[in-house]
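Hi,

Here is the structure I said I'd send over.

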Amino acid sequence: MKFNFFKYISMVCGLACIGASLFSGCEKKEDYSPTSFSFPAEVLKAFPAKLNIPANNPMTYEGIELGRYLFYDGRLSGRTEADSLMSCGTCHIQETGFKCGINHPKYTGGHPYGLTGIKTANVVMPLVNLVWNESAYTWNGQVSAQNPKAQNMEDIVWMTVLAKDEIAGDTTQTKKLIQSIKGYPELFERAFGSPEVTFKRISMAIAQFVRTLVSANSKFDQYVTGQTQLTEDELRGFELFMTESGADCFHCHGGDGNLLFTTNLFYNNGKDAVFGDENDRYAVTGSPSDIGAYKAPTLRNIEFTAPYMHDGRFKTLEEVVDFYSTGVKNTPYTHSLMHHSSQGGVRLLEKDKKALIAFLKTLNDPGFLTNPAYAKPASFPDGSVQK
């Protein structure tokens with residue numbers, strides 16, 4: 001019987017919630033320890049062996065349960081007014097690959113604004129398979145092991161709360177509010193051994209939840225494991241994706257040997273010829289070779305993660321493929337892996353563009369986009385409901 005990771009994670013998270021409810025109102029036992037979480041062996045086989053899990057924040061079912069609540073709780077803003085609620089889940093929406101989505105009712109065009117009305121520097125990045133990211137986080141990689149102030153997903157949480165173009169809050173205020181909400185102290189006790197709420201623990205729990213967001217069951221995954229076949233167009237698109245003489249996508253986005261479909265590295269892909277005050281990789285490293293460079297995001301669930309590029313300039317996959325075909329700009333900063341930049345792109349025929357898009361859609365993973373273990377809780381620890 002085929003292993004279903006998504007059914008598995010839903011089941012174990014459900015069991016964790018049931019187990020947690022049994023301990024509600026009980027005194028903490030001296031020998032209590034949270035339940036260690038491990039990814040299924042079938043999932044680990046598909047991806048790199050090394051997991052980016054800090055030693056001081058091991059993944060547990062109790063931590064993941066708490067993190068899911070906090071990820072979606074608008075009171076992460078440190079406020080309770082209906083018009084002042086904002087959480088990670090406000091902009092990272094499951095049905096659009098944990099991006100904002102191009103049809104978000106509030107953020108027209110997929111480019112969000114913070115609580116104070118300030119537009120974010122870039123569009124939202126997808127939250128998927130980040131537990132295998134050994135490079136750096138965000139579009140320009142400002143969060144990395146090389147940055148003593150912000151090194152991992154845990155740090156992104158406090159950065160998001162403080163950022164003026166995002167939650168624009170105060171970590172102390174958030175900590176105090178969460179501490180005061182019925183049900184949360186008990187969840188913190190189960191996850192971390194005491195009911196004390198600290199912002200470090202808030203960050204740790206959210207990071208644990210985000211690390212469970214795994215997409216591993218697309219049609220292409222099933223093709224690789226021999227469970228299904230690709231159509232003629234999809235196979236042609238795969239061939240184009242994997243060859244320099246074709247669409248030449250694989251250098252930055254991987255292929256059958258890299259099922260993450262990203263290298264998690266940074267490239268100037270020839271979108272622009274003039275550069276100003278972009279929040280690019282150069283802003284982090286100061287290296288001229290990084291001017292105009294941004295992270296190559298994963299292509300998983302790509303059909304649902306519009307708009308595309310760091311600034312959301314392309315609204316459809318057709319626009320993206322057209323750009324790589326004839327719109328690439330050849331500048332001194334265009335990455336050397338853009339082998340066809342001197343001729344403006346890979347010059348695909350129309351039938352090959354359609355085939356490439358057909359292949360890209362095999363990276364869609366409907367189970368990931370609908371997995372209840374990743375979804376917003378029906379209610380929060382105090383029984384409240386948020387729209």
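Glutamine 94 sits in the loop between α4 and α5 (helices are DSSP runs of H or I with at least four residues, strands are runs of E with at least two, both numbered from the N terminus). With a relative accessibility of 10%, glutamine 94 counts as buried; the cut-offs are under 20% relative accessible area for buried, over 50% for exposed and partly exposed in between, using a 1.4 Å probe and protein chains only. Its side chain makes polar contacts (N or O atoms within 3.5 Å; within protein, one must be able to donate a hydrogen and the other to accept it, and residues adjacent in sequence count only if both atoms are side-chain atoms). The side chain of glutamine 94 reaches the backbone oxygen of asparagine 371 at 2.9 Å, and a polar atom of that side chain lies 3.1 Å from the backbone oxygen of phenylalanine 368. Leaving out residues up to four places away in sequence, glutamine 94 touches Tyr72, Phe368, Leu369, Thr370, Asn371, Tyr374 and Ala375, where contact means heavy atoms within 4.5 Å.

Before you go further: this is a predicted model, in which local features need pLDDT of at least 70, side-chain atom pairs count only at pLDDT 80 or more, and totals for chains, interfaces and linings use all residues. Residues are numbered from 1 along each chain as its sequence is written, and side-chain values use heavy atoms, with hydrogens and water left out.

On confidence, pLDDT is the predictor's own score for each residue, from 0 to 100. The protein chain has a mean of 91, and 92% of its residues reach 70 or more. Residues 11-29 are the stretch to watch: pLDDT stays under 50 there, and the model has 13 contacts beyond four places in sequence for them. Where pLDDT is low, the predicted coordinates should not be read in detail.

Now the aromatics. A search of the whole structure finds 24 aromatic pairs (rings of Phe, Tyr and Trp, the last by its six-membered ring, with centres within 6.5 Å; planes under 30 degrees apart are stacked, over 60 edge-to-face, the rest tilted). Phenylalanine 220 and tyrosine 223 make a tilted pair, because their ring centres are 5.8 Å apart and their planes are at 40 degrees. Both lie in helix α9 (residues 219-224), 3 residues apart, which is about one turn of the helix. Phenylalanine 220 is buried at a relative accessible area of 0%, whereas tyrosine 223 is partly exposed at 25%. Phenylalanine 220 also pairs edge-to-face with phenylalanine 359, at 5.4 Å centre to centre and 85 degrees between the planes. That pair links distant parts of the chain, since phenylalanine 359 is in helix α14 (residues 350-360), 139 residues from phenylalanine 220. Elsewhere, ring pairs join Phe71, Tyr72, Phe98, Phe209, Phe368 and Tyr374 into a cluster.

Next, the core. Which residues touch the most other members of the largest nonpolar core? They are Leu70, Phe71, Tyr184, Ile202 and Ile206, out of 84 residues (a nonpolar core being a set of buried Ala, Val, Leu, Ile, Met, Phe, Trp, Tyr and Cys residues joined through side-chain atoms within 4.5 Å). Isoleucine 206, neighbours within four places in sequence aside, is in contact with Gly67, Leu70, Phe71, Leu76, Cys88 and Val157.

Helix α7 (residues 184-192) is largely enclosed by the rest of the structure, because 7 of its 9 residues are buried. Among those buried residues are Tyr184, Glu189 and Arg190. Just after α7, glycine 193 has a positive phi of about 95 degrees.

- Phenylalanine 261 has a positive phi near 55 degrees, in a residue other than glycine. Its place is the loop between α11 (250-253) and β1 (266-267), and phenylalanine 261 is buried at 0% relative accessible area.
- Arginine 347 also has a positive phi, near 55 degrees, and lies in the loop between α13 and α14.
- The peptide bond from alanine 306 to proline 307 is cis, with omega near 0 degrees. Proline 307 is in the loop between β2 (294-295) and α13 (317-327).

Cheers
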